[in-house]
Every structure is written in structure tokens, then in C-alpha cells.
Amino acid sequence: MTEDRAPLVEVRGLGQRFRAGPVRLFGRTPQVVAVDEVDLRIHEGEVVGLVGESGCGKSTLGRTMVRLFEPTSGSITFAGEDITHVRGKRLRELRRDIQFIFQDPSSSLDPRRRIGSLVAEGLEIRGGIPAARRAEMVAEMLDRVGIDPGMARRYPHELSGGQRQRIGIARALILRPRFVVTDEAVSALDLSVQSKILNLLRELKDELKLTYLFISHDLAVVHHVADRIAVMYLGGIVELAPAAELHRRPLHPYTMSLISSIPEGRLAGTEPHRTVRVEGDPPSPVDPPSGCRFHTRCAFARPERCATEKPVLRQLGTGHSVACHFAEEIADGTVTARSAPVPAGPAVPNRTVPDGPHDKLNVAARQLP
Ligand SMILES: Nc1ncnc2c1ncn2[C@@H]1O[C@H](COP(=O)(O)OP(=O)(O)OP(=O)(O)O)[C@@H](O)[C@H]1O
């Protein structure tokens, strides 16, 4: 992706904190640091995938970017306009250009309203479109997302999960937005339905010239649709690279662990270079670890540096950035895993590893003390 043209969406130092519990009169009220100083640029026509474990802040980042939340720090620029704090009329106008597709269409579709009326909602709010034209536009959009326009009089509960997600997509796209955030858009669906919805999203992107931030906890799903992938851990982006490059040459131990956990065969055309396992749950975002937030689970961590100094996201190749102090050394094998024998349990299968420096690093990580 060319980096020199102006991005459609850009966030700088974006932060989102939530209060965690009641306000304390004395001492600091605890806060969840859901998104921590994120920088990200998304170009027109691009699909950027955002992956990471549950609770790492993906949804919050996506919702903040489309201004469902007002950020607590940093800035958001859309098509050259600073939209960080826009409100009222301008924020409502922005809804034409920026939309969000939710994971669970059932909960975002009012069960008392008919499909046609649900899809037309954005047009009604926008106003100025005669009812007959609105009905036409709804029929066209339903047809476009693979729903028979004759079903416009049905209610959401009469549809399957996949059909409901198609309605969710139609609702988001009826105003012809330019930027769409999809949040776990296929996670609640059966595998066979997932691939149909992913194909639909891809076709619509080309046809309607959309730009996506595609959020999913599933790296294999993201790999199918994304041009670039951002890997998120405990509020921050730890690696960002073109999709193929990320799978060929992951540089962050956390990304390696995500790739290692994908069952063989789900990532066509890629071979994991090593097996890196990460154990335990992520630490609490209320009290995140010092230094590198991943150091408490990283087999390569050198506490003297990793526990004290926060790594910045730095570029290590064309369009490939990583936030790890030792990325080069891990890649060339001069920093190896502080690995102990893998605890008893099912062995991690060794996979076919291509020649190269990564061969040295077929390790299984354990949780560090
Ligand atoms: N409105 C809120 N108030 C307080 N804490 C919140 C709020 N929304 C999110 N959080 C917290 O912020 C952190 C990030 O949550 P978020 O939902 O963004 O993560 P996620 O990566 O999208 O996970 P999931 O896929 O499970 O939704 C979590 O610790 C979550 O509990």
C-alpha cells in the first residue's frame, strides 16, 4: 500500500479510558485503559484487519474511530477533517460517510420493526427522500445483499442468522458510506455462512468503493479479507503489516503465538515458521504491566529492558512495523526464548518449517514468572 497519499482515516495517539468502578473521593479512581496511544492510517479502498484476544480493545478502538465514543485523548481525522470532538449536526452528517456493522445483528435490529423499515431507517433520518424512492432504494439494497426484496415485510425473527447479518449490512450501506467498521461481523455465524458473508463484504467493497476496518479475534478470517493487518494487545497495536507479509514473517512474539494457534489448513498458502505458545490470560487493563505490556507472557522477554521501557511501534520493513525491543534479534536468533520444557500436556505438533533464520526458533513459550 502506498503510504505517501493522504489516508482516508487517520488516528494519532488515540486513547480511550473508562472508569472502572465508583468515583473515589480520595486517591485515583481506577480506570480501564481500553485503547492506549494508537496511531493508525487507513487509505481509501483499503481493508485493514484488526486482531487480538477478547478484551484487548478492538471494539473500543473501532467504536471510537467512528465516533460512537468520544476519545479521551489523541485525534481522529476523516477525509482531511478533524472529527475528534465533532458533535450535534456535524456528527449526524458524518453517519452518512462512516458506518458500523455489529457482531450480533439480532441485538441491533429492533424486533418490532419490519425488515424494510429497518433498512430504510438511515434514509428516514437523513430526510428529503420521497417515500416511493426510499422503498426503491431499500429494494435495491436488499437485492444487493442477497435478500429477496419481497421479504421487506418480514420481521427479524423470521430470518436466519446469516440473513439477519445481511440486513445489518444493508442498514449500514444504504447511505453509501465511505468508511465502514465491521466488528466480529461473522463470528456468530456457522463456518459455511461466514464465507458467504465475507465474500459479500468483499464484493460490496469493490462495487461501492468502500474502505473497511475489519475487526475479528480470528486471524484466519482476517487473513481472507484484509490488505493489511494490525495486531492489538492490551490496548496497543504491537504489529502492523501487509497481510501476506504478517503471515510470512511475523516479528512480534504475540503475533507468532496467534499464528501458531491457527489450526493447520485454515491459512491457505502459508506455513508457520515456528510454534510460539502464550499461556495464561491477558493482564487486567485496569493495572497494565509496566514497560512492554506483553512482557509478562513473552518467552523472549528480557525483564531488565522489557519490564521497564515501553517499546514504540517502529518500521522494520516496507509497511511492516513492530513494537518489540528485540524483534531483529528474535528474527535472527540472537535472542532466544527463555524456554523451559513445555509443561506436560499434548505436544505442540512441529510443522514443516521452511529454510531460514526462523528455523532456530521453533519454541514453545511458557508463562514467565
Ligand atoms: N463502556 C465500558 N465501560 C467500562 N469498560 C469498558 C467499556 N467498554 C469496554 N470496556 C473494557 O475495555 C476493555 C476493552 O474492551 P473491548 O470490548 O474494546 O475489547 P475487544 O478486544 O473488542 O474484546 P471483545 O471481542 O471481547 O469485545 C475491556 O477490558 C472491557 O472490559
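**A walk through the predicted model**

Helix H6 passes helix H7 in a right-handed crossing, a label used when the near helix is turned clockwise from the far one by less than a right angle, the anticlockwise case being left-handed. The contact is made by Gly-161, Gly-162, Gln-165, Ile-169 and Leu-173 on the side of H6, and by Val-193, Lys-196, Ile-197, Leu-200, Leu-204 and Leu-208 on the side of H7, where contact requires C-beta atoms, placed from the backbone, within 7 Å. Sorted by class, this contact of H6 with H7 has seven nonpolar, three polar and one charged residues; Ala, Val, Leu, Ile, Met, Phe, Trp, Tyr, Cys and Pro count as nonpolar, Asp, Glu, Lys and Arg as charged, and the others, Gly among them, as polar.

The axes of H6 (residues 161–173) and H7 (residues 191–208) come within 10 Å and cross at roughly 20 degrees, which makes H6 roughly parallel to H7, since angles under 35 degrees count as roughly parallel. Such axes are lines fitted to C-alpha atoms, for helices over the stretch in contact, with angles running from 0 to 180 degrees between N-to-C directions.

This is a predicted model, in which local features need pLDDT of at least 70 and side-chain atom pairs count only at pLDDT 80 or more, while totals for chains, interfaces and linings use all residues. Residues are numbered from 1 along each chain as its sequence is written.

Taken as a whole, the protein has twelve helices and twelve strands, which are DSSP runs numbered from the N terminus (helices are H or I, at least four residues; strands are E, at least two). Of its 369 residues, 41% count as buried, that is, with 20 or more other C-beta atoms within 10 Å of their own, again placed from the backbone.

The ligand has 13 residues around it, of which Phe-18, Ala-34, Ser-54, Ser-59 and Thr-60 come nearest; a residue is near if its C-beta atom, placed from the backbone, lies within 6 Å of the molecule. Strand E2 (31–42) and helix H1 (58–65) are the elements that give two or more residues to this shell, and the largest share, three residues, comes from H1. By class, the shell divides into five nonpolar, seven polar and one charged.

Helix H1 also holds Leu-61, which is buried because 30 other C-beta atoms lie within 10 Å. Not counting residues up to four places away in sequence, Leu-61 touches Val-35, Val-38 and Leu-50.

Conventions. Parallel < 35°, antiparallel > 145°, perpendicular 65-115°, else oblique. Contact = placed C-beta atoms within 7 Å. Buried ≥ 20, exposed ≤ 12 C-beta atoms within 10 Å, placed from the backbone.
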